[in-house]
Amino acid sequence: MQTTGVSSRPAASARRRRLAAVLVAAATVVTMAAPAQAAVPGYVSATSVEALGGDLSTVSPAVRTTYPGDPLRAADYLKPMGPLGHYGLIGPWGPLGVAGPIGDAVWHPANWITGTVWDDWAGMLGWYGGPMSDWGPLGPDGPLSAQAYHQTLPGLGDFSKQVQAGGVWGALGPVGPLGALGPLGPLGPVGAHGFGRDSTGAYVTSGGSVQRNVDVPYGPGTRRYELYESYGDQYARDLGYDNDTSFMVERDHLASGSAVEYSFTSRHTQWVTVNVVPMWMRYDLATLSAYVTSAAGNRLNYPGGAARGTALVDDFDLRLTDDTGRVLAVSDSVELADTIQVQVAAGTRLKLTVTHHQRGSYVGYHDGYRLFVTGSTPHLVGTDITGAHQRPVGTV
């Protein structure tokens with residue numbers, strides 16, 4: 001590793017396991033030629049996906065099924081009880097939430113893995129085919145290779161094709177926050193890069209030198225990746241346009257009706273995925289799991305008594321502009337987890353506004369969020385996917 005300074009419950013449960021298996025396979029399998037790419041892909045957001053109203057007829061390639069034998073329709077997975085909603089993978093109780101592996105609490109592995117420098121151990125993992133090696137998820141046999149991304153992934157089915165960047169479920173895919181480039185991967189707080197963190201959340205060597213990038217073996221050469229930092233909220237905002245497209249922040253409180261801005265620069269032409277996760281929700285994990293299990297047996301419709309909208313979570317909205325103030329994309333859904341996925345040119349200076357649109361009506365913890373910004377790298381750009389879920393950049 002080289003671095004640089006800078007129904008029935010059993011049936012419902014089985015369906016959930018099968019869908020989870022598809023998503024895991026989509027993010028990890030390997031099997032060449034990339035399809036023709038759209039010249040100017042539009043952006044995708046929770047708002048644009050919600051506006052489909054469950055109608056996937058405009059989407060190409062066509063979306064008819066998820067996996068062979070799935071009793072649910074593909075459109076069922078657009079519902080708020082599905083993977084794009086607050087009850088799903090990118091909601092408060094998903095792996096990006098406070099109960100997941102990322103955070104500074106005693107139960108978070110990230111607090112221990114990057115709490116001290118363990119570069120010797122990380123280096124040994126690299127020598128023996130570990131996550132930062134040529135054999136790892138960032139190498140030519142990983143999910144970001146041309147074969148895996150352009151051939152194997154869409155070959156798994158209609159749903160898997162749509163977890164590519166620009167797809168209906170692109171926020172769940174390999175270039176989003178759940179993939180190898182995100183906070184859960186080898187570049188993030190629970191990663192195998194071997195760097196400790198200072199008080200700002202920046203990665204540092206044992207000598208205190210700040211590290212922003214890492215070189216990973218890739219075939220006969222290397223690829224340079226941006227490390228995925230978990231920054232302090234104020235520090236991330238103070239970085240301004242010096243920040244890159246690979247970081248997260250956690251903010252404990254933002255008053256209802258208030259907004260806060262984050263600036264960063266895309267070093268490459270790439271897809272940038274932004275998503276906000278409310279810190280808290282109405283239900284504990286056991287209650288939420290019961291509702292999800294019930295919904296899985298009823299085409300992912302809301303079960304009786306299940307909260308929705310601001311009865312479930314605080315409502316945070318996203319607005320992405322360039323440094324001229326031109327609005328590039330927005331996401332202001334109430335029932336889906338707010339996300340933006342947009343392709344930008346190298347050198348684009350971006351400003352993201354997070355607005356606490358409305359405080360949740362439930363009793364309990366409130367007003368905090370986690371924000372994730374994930375770049376796809378210049379190796380994965382464009383898309384051959386089209387449809388009404390994509391809006392022209394600059395269209396609100």
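Two strands are said to pair if DSSP finds at least two bridges between them, and strands are DSSP runs (E, at least two residues) numbered from the N terminus. The legends describe a predicted model, in which local features need pLDDT of at least 70 and side-chain atom pairs count only at pLDDT 80 or more, while totals for chains, interfaces and linings use all residues. Residues are numbered from 1 along each chain as its sequence is written, and side-chain values use heavy atoms, with hydrogens and water left out.

**View 1. An open antiparallel sheet of 3 strands in the order β3-β4-β5.** Its edge strands, β3 (196-197) and β5 (210-211), each pair on one side only. Strand β4 (residues 203-204) is joined to β5 by 2 bridges, and tyrosine 203 stands opposite glutamine 211 in β5.

**View 2. Strand β16 (residues 369-375) and its antiparallel partners β9 and β11.** Strand β9 (residues 246-251) pairs with β16 over 6 bridges, glutamate 250 having arginine 370 as its bridge partner. Strand β11 (residues 270-278) is joined to β16 by 7 bridges, and valine 274 stands opposite valine 373.

**View 3. Aspartate 322 in strand β12 (residues 315-322).** Aspartate 322 is buried yet has no salt bridge, meaning a side-chain nitrogen of Lys or Arg within 4 Å of a carboxyl oxygen of Asp or Glu. The nearest side chain of opposite charge, arginine 326, is 4.8 Å away. Leaving aside neighbours within four places in sequence, aspartate 322 is in contact (heavy atoms within 4.5 Å) with Leu328, Arg349 and Leu350.

Definitions and conventions: Helix = DSSP H or I, 4+ residues; strand = E, 2+ residues; numbered from the N terminus. Buried < 20%, exposed > 50% of the residue type's maximum accessible area, 1.4 Å probe, protein only. Lys, Arg positive; Asp, Glu negative; His and termini not counted.
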